[in-house]
Amino acid sequence: MSFGTGLSGLNAASKNLDVIGHNIANANTTGFKNQRAEFAEMYAMALGAAGGSNGGIGVSVANVAQLFTQGNIKITGNNLDLAINGEGMFKVRMSDGSVAYTRNGEFKLDKEGRIITNNGARLQGYLPPAPGAPIPVGVTTDLVLPTGAAIAPRETGSAPINPGIFITANLPANAPTETVSTPLTAAQRKYGTVLNLYDQQGNAIPLQIYFVKTAANQWNVIGRVEGATPATSWQGSLGTVTFNAAGQVSGTPTLTLNSGTIAQNLVAPGVPSANFPSSNVSINIGQPGAWTLTQYGSPFAVYDIKQDGYAPGELSSIVISEQGIITARYSNGVSQDAGQVALVRFRNLQGLEPINGGYWRETFTSGQPIEGQPLTGRFGLIRQNALEESNVDLTQELVNMIVAQRHYQANAQTIKTQDQVQQTLVNLR
């Protein structure tokens, strides 16, 4: 009996040393979770035996538990390195099509723009139905960045939300009244600004906008496009702005750049065959507190001006927010949401099955995965340019190794002592 008891102790101590050695070996493995051997005593069962009369027969390793505590966050500077601060795991699809989960955020891009792990598992998340559209929460899919082609241009005035031109400026109340000339005189071009408009091909066409006071509290807004020659230039009225006694826009809050007033196939500098615009473009000037013209007794000033068109552009960088939203930034200054990282949690993390590569798989014991977005419910946040370090405490593991070694030696000593006792019996005469 004692040989068996000592042998069970040796086996348990050896298993404990294996677990400790595994922890130490993975002290620098990103997202690794510390493990510990959990022991249970064994007793010989006898029919009808009293509760205290059964002798112990040793020890067994009841479980090797994983400790899913938070590891330290290490800043790396790599924009595809992601760390989860809080609860949740990354969902990835393995090369064989199966689903696995990990805390290791060392991601890369493959040749098709998919976000992958070091061994090719594809990060899962939510994609917008169209570029720049809101991201719905639904079935997860491979997260793919738009690296394969340039972003298409957008013609000024064609945005699905808030299309057109937006101007915030102050026109001086004491400006003299004049009669608009064609072309405008140098004096009449005193109060003006310029911005680029974009045609359907993404060609930039500089539009000059001038304000000429034609009567008390009334200004004519003039648009001008410089052609390659004076004969190909265009000038036309964009409308009239009337102000009330308080200097606020009175009447229609928008003006119109009418496509019919600009000669088609206008030849502008640097634009071989500009054909802009293909439809009317609204010029928003009358929304107090936002985009508006004023007429105050102060100098002329343009505070803000923008329009909704843009040229084609290539992907220049990505930014991933704490909510896991992936924003693609393009060389033309446009930013679009390209997807959102999904997180997964389980009711029983201890029930997950660890597999090679720092992944876990769902089991019946773990329960079904609960998917969601970072920073919602119990899910943690995503930290870009950072990785979660192993939660192994190396000092503690070295102490544990010493204790396990003593445990092994003590069990070996029980076997040695039993052998000496048996030898004594054999030597009896």
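1. Strands here are DSSP runs of E with at least two residues, helices are runs of H or I with at least four, and both are numbered from the N terminus. Please keep in mind that this is a predicted model, in which local features need pLDDT of at least 70 and side-chain atom pairs count only at pLDDT 80 or more, while totals for chains, interfaces and linings use all residues. Residues are numbered from 1 along each chain as its sequence is written, and side-chain values use heavy atoms, leaving out hydrogens and water.

2. Now step back to the strands around that bridge. Strands β13 (residues 204-215) and β14 (residues 218-225) are paired antiparallel over 7 bridges; two strands pair if DSSP finds at least two bridges between them. An open, antiparallel sheet is formed by 5 strands in the order β12-β13-β14-β15-β16. Since β12 (192-198) and β16 (249-250) stand at the edges with a single partner strand each, one side of each has no neighbour in the sheet.

3. Next, have a look at asparagine 34, in the loop between α1 (2-25) and β1 (35-43). Asparagine 34 has a relative accessible area of 10%, so it counts as buried (under 20%; exposed is over 50%, partly exposed in between, with a 1.4 Å probe and protein chains only). Beyond its neighbours within four places in sequence, asparagine 34 is in contact with residues including Asn23, Leu67, Asn391 and Glu397, contact meaning heavy atoms within 4.5 Å.

4. The largest pocket holds about 600 Å³ of space. A pocket is an open set of points on a 1 Å grid over the protein atoms alone, where a 1.4 Å probe fits, with protein on both sides within 12 Å along at least five of seven lines; lining residues have an atom within 4 Å of a point. Its volume is the space filled by probe spheres set on the points, which are joined across faces, edges and corners. Of the 21 lining residues, Gly132, Arg154, Ala159, Pro160 and Ile161 are the closest to the centre of the largest pocket. Strand β25 gives the largest share of this lining, 3 residues.

5. Finally, the second largest pocket holds about 290 Å³. Its lining has 19 residues, with Phe32, Ile355, Gly357, Gly358 and Tyr359 closest to the centre. Strands β27 (353-355) and β28 (359-361) each give two or more residues to the lining of this second largest pocket.
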